[in-house]
Amino acid sequence: MNNNAAAILRALIVYAICVPLAIWVGYLLTSVADLSSRESLVYAGLFVLVLCIPILLRWHHILLVFCWNLPMTVFFLPGKPQVWLPMMALSLGISVLQRTVNKDMRFIPAPQITRPFLVMIGVVLVTAKLTGGIGLHSLGNDVMGGKKYVTLLSGIFGYFALTARRIPPQHAGLYVALFFLAGCANVIGDLVSIVPSAFSFIFWFFPANGYAFSTGAYDELRLGGVCVMSSAAFSFMLAKYGIRGIFMSGKPWRPLLFILFSILLLYGGFRSAVIICIMIFAIQFYLEGLHRTNLLPVFLFIGVVLAVAMVPLAGKLPFTFQRALAFLPLDINPLARMDAQASEGWRMEIWKAELPQIPDHLLLGKGYALSQADYQDITMGGSHAISAADWGSAIAGDYHSGPLSVIIPFGIWGVLALLWLMGAGVWALHKNYRYGDPALRTVNCLLLASLLTNIIGYIFIFGALEGETQTLGGLLGLSVALNGGIRRQAAKPAAKIAELKTQAPVRRVLQPV
C-alpha cells in the first residue's frame, strides 16, 4: 500500500512539472519567430535547467567542484559568465534551501576564515554604495564595472557553497581530480585554427585562446591553453602522489609524465607560469621534508647539469620556450627578450600613472563603477597621464598588479581585509596540513604550497582582486570541505591526564656513602 502511494505521489509530481513544461515549450515553438536569437537561447537554457533539477538537487556540490576551474562560458547569458558563476549560485541556493528544511544539515564551521570573508563583503558593498553602485552595462545600465563586482563577490560566496557539506573521505580523490583536471579543458581554446568550421560552435562554450589567432611578430604560436592544461596536470600529480610518490615510487611513468607536463608548460611563453610552478614544487619539497633526504643532492645535481646545458642550447630552443625563460640570465634570442621586456614596459607605464591616485583613494576606494560621462572624459584625454596603448587597461581596472588592484578600488580597508584573509587562510591550511587525516596529507601539502605561492605571486608578480577571491575561495573551500573544517592537534585522553595529575611525585633519596 505504501509503495503504491509513493508511486502515485511520484507520478503526480512528474505530471505537475512535465505537463506545464510541455505547454510552455509548445508555446515557445509556435512563437519562436517573434523572439530574438538570444531570447531563444535563454529560454532553451531555462528549459534544460528545469529538466536538470533532479540532478542538481543530488549532485550540485560535486558539479560545483568540477566547474570551479572549468573554462566554459554560458554564452547566452548577459555578460557571458563562466559556468562556475551560475553553478555557484545554484549550489549555494540549494544548500541554503536544504538547510532551512533540514536543521541537521549545517555548513562546515570555520569562523577563522568566515570572518575575514564577511569583512571583505562589507568593504566591497559599502564602497560600491558610495561610489556609484553596482551597474551591469550588459543589462542596459548606464554604469559600467558591475561584472568585476559580481566576479569578486562570487569568489567569496563560492567558498560558502564549497563548505556547505563535507566531501566524503572515500571520494576525496575524485573531488580533487575534478577540481584540478577541469583546467585541462583550456587546451580546447588552442584548437581554433585547426578545428573545421562545421564544429566552430564548440568555441561558443570554450572561447578561443587569444594567442591562437596569430603567430605573432616572430612567427611563433603561443599555446596558452596548453600552458594552463600542463599547470593543472602538474598540480594534480603533486596533490595525488606528492613529490615523494612521483620520484620514489619505483614507477617510471610518473616522473616521465611529470617531466612531460613541465616541458609543455613552456609552450605558453609565460614567465609567471614557470616561476609559479617552480615555487609550488620548492615549497612542497620542503613541506614533505625531502630536504632531509637523498633527493636534495640529486635534484641539486640535476639542476646544475640543466643549467650548464642551457647555456649553449638556450638560443636554439623554440621561441616560446625562450620567452618563458627570459627571466634567467641566458643567451636567448634578442627578439624573445625584447618581447618579454616590452610587456614589463607597458605594465610599468600603467603603474606610474596609477600610483599617484593611491592617496586620493586611501580612505574611500575608487570602486569599479564607471559612468558613461567618466568613460567619455577619459577617452577624450584628460584625467590620466597614460599612453593611448595603456588607457584601456586602466579604465577597466586591470592594473596588472595585485596590490594596486585592491588599494585603489577599496582603499586601506580592502588591503586590511585581504591581508587578514590571507593570514587566516595560511593558518587554517597549515593546521590541516599538520593535523589532518594522514590519507589527505599529500593533498593538504599541495593546497598549502599553492596558497603560499599564490599569495607571493599576487603581491610581487601579477594579480587582480576579482580573480584572487576565486582562487582563495577555491583553495580554502576545498581544504575545509575535505578536512571537515580546520583540524586541531588531538587532545590527550582525559584518563591519561587524570593519571598524570594523581601520580605521586618521585623523590630522590640520598643514600649515605
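Guide: Start with α12 and α19. In this predicted model, α12 covers residues 271-287 and α19 covers residues 441-460. Two packed helices are described by the angle between their axes and the distance between the axes. Here the angle is about 135°, and the axes are 9 Å apart. Roughly antiparallel would need an angle over 145 degrees. The two helices α12 and α19 are therefore oblique to each other. Their crossing is right-handed.

Now look at the side of α12 that meets α19. Find Ile276, Met279, Ile280, Ile283, Gln284 and Leu287.

Helix α5 spans residues 111-130, and helix α6 spans residues 146-162. Their axes come within 11 Å and cross at roughly 160°. That angle makes α5 roughly antiparallel to α6. The crossing of α5 and α6 is left-handed. From α5, the contact takes in Ile113, Thr114, Phe117, Leu118, Met120, Ile121, Val124, Leu125 and Ala128. From α6 come Tyr149, Leu152, Leu153, Ile156, Phe157, Tyr159 and Phe160. By class, the contact of α5 with α6 has 15 nonpolar residues, one polar and no charged.

The largest cavity holds about 50 Å³. Its lining is Ser95, Gln98, Arg99, Met105, Arg106, Phe107, Ala164 and Arg165. By class, that lining has three nonpolar, two polar and three charged residues.

Finish in the loops. Lys80 sits in the loop between α3 (53-67) and α4 (84-101). Its phi is near 50°, a positive value in a residue other than glycine. His400 is another stop, in the loop between α17 (391-395) and α18 (402-435). Phi of His400 is near 55°, again positive in a residue other than glycine.

Notes
Residues are numbered from 1 along each chain as its sequence is written. This is a predicted model: local features need pLDDT of at least 70, side-chain atom pairs count only at pLDDT 80 or more; totals for chains, interfaces and linings use all residues. Side-chain values use heavy atoms; hydrogens and water are left out. Axes are lines fitted to C-alpha atoms, for helices over the stretch in contact, and angles run from 0 to 180 degrees between N-to-C directions. Helices (H or I, at least four residues) and strands (E, at least two) are DSSP runs, numbered from the N terminus. Angles under 35 degrees count as roughly parallel, over 145 as roughly antiparallel, 65 to 115 as roughly perpendicular and the rest as oblique. A crossing is left-handed if the near helix is turned anticlockwise from the far one by less than a right angle, and right-handed if clockwise. Contact means heavy atoms within 4.5 Å. On a 1 Å grid over the protein atoms alone, a cavity is a set of points where a 1.4 Å probe fits but cannot get out, and a pocket is an open set with protein on both sides within 12 Å along at least five of seven lines; lining residues have an atom within 4 Å of a point. Grid points are joined across faces, edges and corners, and a volume is the space filled by probe spheres set on the points. Ala, Val, Leu, Ile, Met, Phe, Trp, Tyr, Cys and Pro count as nonpolar, Asp, Glu, Lys and Arg as charged, and the others, Gly among them, as polar.
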